Amino acid sequence: MSGGSREAGRSVTSKVLAILGAFDAAHPQLTLTELARRSGLPLSTAHRLVGELEAWRALGRGPDGRLRVGPRLWELGQLAPNRLQELAHPWLQELFASTGENVHLAVRDGLEVLYVDKVYGRRAVPIVSRIGGRLPMHPTGVGKALLAYEPDWFVKSYLARKLERPTPHTIIEPGRLARELTAVRAQGYALTYEEMTLGSCSAATPVLVDGRAVAALGIVLSSRRARELPRLVEPLRAAAAGIARALS
């Protein structure tokens, strides 16, 4: 087969998906050489397929010539049904209006949290979450709120991994983290203090439908205002309950 051994057995579809999958939150823009390396394709193959994807507007180029996801994929993404986001968004807006702080909604996807919605303002503390972005579960408030309601076998499997440590405050010791998850489930909410990002803290609560955490709702504050987190728990829980009722 032409294209070298790395292409053996790979369909055109798998190659195109490899190219699109090379982009992520940490790599939103790539040179052609970087794209070829991350997709595992020969440079010549990547060049040919990128040309076709650009013509279809699935990929575009920034002012510096680097490749990025194009508007056609965004258009297609808007067609994907998202009942959770549609029903939850008014509650996020209401929570933001009453607190003035960043509010986001996340679901578990594999071993990560996937952020599906977010409402934020210019004056609120900057946060790393973004719609469509992913983060580890254990350092984030929404992640802990979701992980605490997973079956025991899943939690044990998660804790058996080598856990990422984004900051010196991230809890990665399995025993300590397991105890914290037990507390989260008992109290119904999670609190984090500079575990994902230095300078910010968070509170989160699960959206429970028939006892299962289908999503988690979180709010983020500057660490300077950490004392205010407890008073935000009840508004969070009320919003999460409203979302759960809407989903039911």
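Which residue lies over the face of Phe 154? In this predicted model, that residue is Arg 108, at 4.2 Å from the ring centre. Phe 154 is buried, with a relative accessible area of 8%. The cut-off for buried is under 20%, so Phe 154 qualifies.

Phe 154 also has an aromatic partner. The structure holds one aromatic pair, and Trp 153 and Phe 154 form it. Two values describe such a pair: the distance of the centres and the angle of the planes. Here the centres are 5.8 Å apart and the planes stand at 80 degrees. That makes the pair edge-to-face.

The charged end of Arg 161 sits over Tyr 158, 4.7 Å from the centre of the ring.

β4 covers residues 102-109. Its partner is β5, and the two pair in the antiparallel sense over seven bridges. Strands of a sheet pair through backbone hydrogen bonds, either parallel or antiparallel. Within this pairing, Leu 105 has Asp 117 of β5 as its bridge partner. Two residues lie between the strands of the hairpin. In this hairpin, Gly 110 takes a positive phi near 70 degrees.

β5 (residues 112-119) has another partner. It pairs with β6 (residues 134-136) in the antiparallel sense, over three bridges. Val 113 has Leu 135 of β6 as its bridge partner. Is β5 enclosed or open? Seven of its eight residues are buried, so β5 is largely enclosed by the rest of the structure.

Glu 101 counts as buried, at 7% relative accessibility. Its side chain joins that of Arg 225 through a polar contact of 2.4 Å.

Another sheet remains. It is open, has three strands in the order β1-β3-β2, and its pairing is antiparallel. β1 (29-30) and β2 (59-61) stand at the edges, each with a single partner strand, so one side of each is left without a neighbour in the sheet. β2 pairs with β3 (residues 67-69) in the antiparallel sense over three bridges. In that pairing, Leu 59 stands opposite Val 69 in β3.

Notes:
Residues numbered from 1 in each chain as written. Heavy atoms only, no water. Pairing = 2+ DSSP bridges. Helix = DSSP H or I, 4+ residues; strand = E, 2+ residues; numbered from the N terminus. Buried < 20%, exposed > 50% of the residue type's maximum accessible area, 1.4 Å probe, protein only. Polar contact = N/O pair within 3.5 Å; in protein donor to acceptor, adjacent residues only side chain to side chain. Phe/Tyr/Trp six-rings, centres within 6.5 Å; stacked < 30°, edge-to-face > 60°. Lys NZ or Arg CZ within 6 Å of the ring centre and 35° of its normal.
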